[in-house]
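Subject: A structure for you to explore

Hello,

Here is the structure I promised to pass on. Please open it next to this email, and then read on for what turned up inside.

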Amino acid sequence: MLTVVATTSLVSLVAAQDIQNLKDLSELLSTPKGLQLIADTLWVLLAAFLVFWMHAGFALLESGFCRAKNTANILAKNFIVVAITTLAYWAVGFAFMFGDGNSFIGWKGLALTGEHNAPLVALGKAKEYVGAYSALSWTSVPLFAAFLFQLVFAATAATIVSGAVAERIKFASFIAFSFVMGSLIYPIVGHWIWGGGWLAEKGMYDFAGSTVVHSVGGWAALTGAAMLGPRLGKYGKDGKINPIPGHSMALATLGTFILWLGWFGFNPGSTMAANPSAIARIAVTTNIAGATGAFIATMWAWLRLGKPDLSMTLNGCLAGLVAITAPCAFVSPVSAFVIGVVAGVLVVESVLFFDRVGIDDPVGAVSVHLVNGIWGTLAVGLFAQPFADLGDAQPKPGLFIGGSGEQFIAQLIGVVSVGAFVFTASLVSWAFIKALMGLRVSPEEEVQGLDIGEMGMEAYPSDPFPTFEALSVTGWERFVPTLAHQPAAEMVTSTQTSQTLKTEPVNSGATEVSPLTSVERRLYSIVLENANTERVKRRWERLCHEPQQAPPEFHEVYRHLVSFDGREFVFRGGDPERMRRAVERLFEGYLGVGAKVTVEG
């Protein structure tokens, strides 16, 4: 597919025919329509930037809700998903979603090579629309502005999956699924609803994406979490649910604030025009629903769990924001409040429900995005009412606003059909990826942490040189020829230090040992001959990650340790034979048959 796109681009080299053939900016500034086009474009780009910044919020929220040993992996997933989706959506996804085609999928305008003269029509410089993206002919902004705005929505849908599959999915498998989301699953559903497809023809409305973005991401997250299975230790033998708390509620809270801010680009920006009254109203309904969801989730969790759980408060806010995303332009502030109330209750009950049925979702992504995406989409059919600033493109009155229920039926059809398609497509995609490269990391990697196993680094690494004993093997003295900042009694040159190491024995009876004289103790090694080095390394890493639970021998060994490479421990100080016995006891059962522990000078 990428080859076809590249070939098409090289052959046609068709630039987007919007405002690029205007002579200069003064031509736009000289007319009211030109000024309106500038305002619309700036507003859409600003909204796109706000939505893009939501990825920082997702990264902080997800990493905060998960354990410290997986933080680098989660941050990497949230970062790479933006890059992967950008490439997939630019190459084929945008054309599949908004390109002219049939009621199921578009296909014109691959890699943004199609024409699009909507801005010229708005300026009165073209009589009718000409281009490959008829579904976007209603907005006057240039094609590249429309693409960027839609791209950040596509990336949001893909990143929803990250939280639900956190702490046990392979990094490569997540990348593969993200490409499928950005190139196929999300664009096809988007074409049905926003691209003039068959659900749009049936009268379904989803203003900013409760279904297109959030339910699509939620269905994909649900299937991924179900196929992966729960994290090790989440459920006991008797079915008891064991809480696995996240490592930083501070990060999670900051992330939620960023997401809340980003929603003011997400929902009002979907006007795709600087429409003052509509933007203001949408911002208010968005904020009311988010605030209500946060408050009600807090109160409901307090009632159900006995404590006002902060994680429920944060997810309650997000649930209210997700629920208002589809109806935000079509409802009053009072209706937004009611939508937020229901969302706040739903998210708490949903989190508890999925825990009970064995779907391990570390951040509550399914409860926030899928459950409340469905609720928000149905809410259009219940609370929609006409507003003059939206023109003719509006849903029929909602069932609770005097409507006949026709709009609710259209919304229900959309929810069911999108759910069936995304669930099936995601299941097939996950199964294919599982057969091709596997989905889940090994149990050893999961216990050790994906930061080490998958990324080869840690978000919170320990200092490799915490003591002078550890520093001694680096030859640090040659980089500090004089220590003028030390008290006179402790000053020593590197030459004196090296001479002392060669000629002076250790005064083990000394009552005071300066940081430098402790370096002067001799080195010796404990060698693990014929040992299974991989098992030994994993054992040692687990001990270092959980020193409070380690046996006493660990602390004795660690106190004198200089370095360890999986086969050889290098020590400075301590009795060699005692240290050998401590190492032997520490790795009992891990060395393998025929292994020996010996001391070398």
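First, a term you will need: a cavity is a set of grid points where a 1.4 Å probe fits but cannot get out, and a residue counts as lining when one of its atoms is within 4 Å of such a point. Please also keep in mind that this is a predicted model.

**Cavities**

How many cavities of 30 Å³ or more are there? The count comes to three. The largest cavity has a volume of about 70 Å³. Its lining is made of 13 residues, and those nearest the centre are Phe 58, Leu 61, Val 363, Ala 365 and His 369. Two or more lining residues come from each of α3 (32–65), α6, α12 (310–325) and α14 (365–383). Sorted by class, this lining has seven nonpolar, five polar and one charged residues.

**Pockets**

Now for the open spaces. The largest pocket has a volume of about 910 Å³. It is lined by 31 residues, and Ser 462, Asp 463, Trp 540, Cys 544 and Tyr 558 lie nearest its centre. Which element gives the largest share of this lining? That is α20, with five residues. Other elements supplying at least two residues each include α17 (450–455), α21 (552–560) and the strand β2 (561–564). The classes here are 15 nonpolar, seven polar and nine charged residues.

The second largest pocket has a volume of about 780 Å³. Of its 31 lining residues, Trp 138, Tyr 205, Phe 207, Ser 270 and Ala 393 are the closest to the centre. Helix α6 (residues 143–164) provides the largest share, three residues. By class, the lining of the second largest pocket has 19 nonpolar, nine polar and three charged residues.

Leaving out residues up to four places away in sequence, Phe 98 touches, among others, Tyr 89, Leu 136, His 191 and Trp 194.

Enjoy looking around!

Best wishes

Conventions. Residues are numbered from 1 along each chain as its sequence is written. This is a predicted model: local features need pLDDT of at least 70, side-chain atom pairs count only at pLDDT 80 or more; totals for chains, interfaces and linings use all residues. Side-chain values use heavy atoms; hydrogens and water are left out. On a 1 Å grid over the protein atoms alone, a cavity is a set of points where a 1.4 Å probe fits but cannot get out, and a pocket is an open set with protein on both sides within 12 Å along at least five of seven lines; lining residues have an atom within 4 Å of a point. Grid points are joined across faces, edges and corners, and a volume is the space filled by probe spheres set on the points. Helices (H or I, at least four residues) and strands (E, at least two) are DSSP runs, numbered from the N terminus. Ala, Val, Leu, Ile, Met, Phe, Trp, Tyr, Cys and Pro count as nonpolar, Asp, Glu, Lys and Arg as charged, and the others, Gly among them, as polar. Contact means heavy atoms within 4.5 Å.
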